[in-house]
Amino acid sequence: MKQVIYFKKGEKMKRKIKFKCFNPITKKIYNVNYINFCDNSLSYIDENNKTIIEFIENISLMNFTNLKDIQGTEIYEGDIIEFDDYDRKSNNLKNVAVVVREDNVNTLALQKFKYDNTEFTNKYMDYIENIFENSKVIGNIYQNPELLKK
């Protein structure tokens, strides 16, 4: 499985720190209001406008990447994005991949491509600067894993 690294040359760290979380019990995504690293908990407002406090180990966190897709939707780690690509015969196709953060906090990557061996996956360094802003968020790995099926 090929990984594509995203970086902006010379960019200083000026990113918003915000999170969403996936609750595996309710199967829903919520905006995180507060994270308490002393007791490893977080809080969010549920669909009934009730403040919920959960232990971080019971929830999947999705970190904001400070990037937006072509429609202005914020991109979070764990989001599945769709983008234009071409197969080996130059046929148009819509490829999809999951946004992840590498060990280095300033490095984003794409993993779990729906289609491998495409123009993008073979020559990603030629396209990587524009891939996120020319993509569309179509789901996330928690609620829509079927979007990655080949």
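## Surface and overall make-up

The protein's accessible surface comes to about 9400 Å², and 47% of that belongs to carbon and sulfur atoms (areas come from the Shrake-Rupley method with a 1.4 Å probe; for residues, only the protein chains shown count as cover). Keep in mind that this is a predicted model, where local features need pLDDT of at least 70, side-chain atom pairs count only at pLDDT 80 or more, and totals for chains, interfaces and linings use all residues. Residues are numbered from 1 along each chain as its sequence is written, and side-chain values use heavy atoms, with hydrogens and water left out.

There are two helices and eleven strands here (DSSP runs numbered from the N terminus: helices are H or I with at least four residues, strands are E with at least two). Walk along the sequence and you get β-β-β-β-β-β-β-β-β-β-α-α-β. Of the 150 residues, 39% are buried (buried is under 20% relative accessible area, exposed is over 50%, and partly exposed is in between, using a 1.4 Å probe and protein chains only).

The average pLDDT is 84, and 83% of the residues score at least 70 (pLDDT is the predictor's confidence in each residue, from 0 to 100). Among the elements, strand 11 (residues 136-140) has the highest mean, 97, while strand 1 (residues 4-6) has the lowest, 43.

So take care at the start of the chain: pLDDT, the predictor's confidence, stays under 50 over residues 1-7. For that stretch the model has 34 contacts beyond four places in sequence (a contact means heavy atoms within 4.5 Å).

## Two nonpolar cores

In soluble globular proteins, nonpolar side chains tend to be buried together. The largest nonpolar core here has 13 residues, and Ile-81, Phe-83, Leu-110 and Phe-132 touch the most other members (such a core is a set of buried Ala, Val, Leu, Ile, Met, Phe, Trp, Tyr and Cys residues joined through side-chain atoms within 4.5 Å). Strand 8 (79-86), strand 9 (92-101) and strand 10 (108-111) each give two or more residues to this core.

Apart from it lies another core, of ten residues, including Tyr-30, Val-32, Leu-42 and Ile-59.

## Two asparagines with positive phi

Most residues other than glycine have a negative phi. Asn-40, however, has a positive phi near 55 degrees. Asn-40 sits in the loop between strand 3 (28-36) and strand 4 (41-45), and counts as partly exposed because its relative accessibility is 38%.

Asn-49 has a positive phi too, near 65 degrees. Its place is in the loop between strand 4 and strand 5 (51-55). With a relative accessible area of 66%, Asn-49 is exposed.
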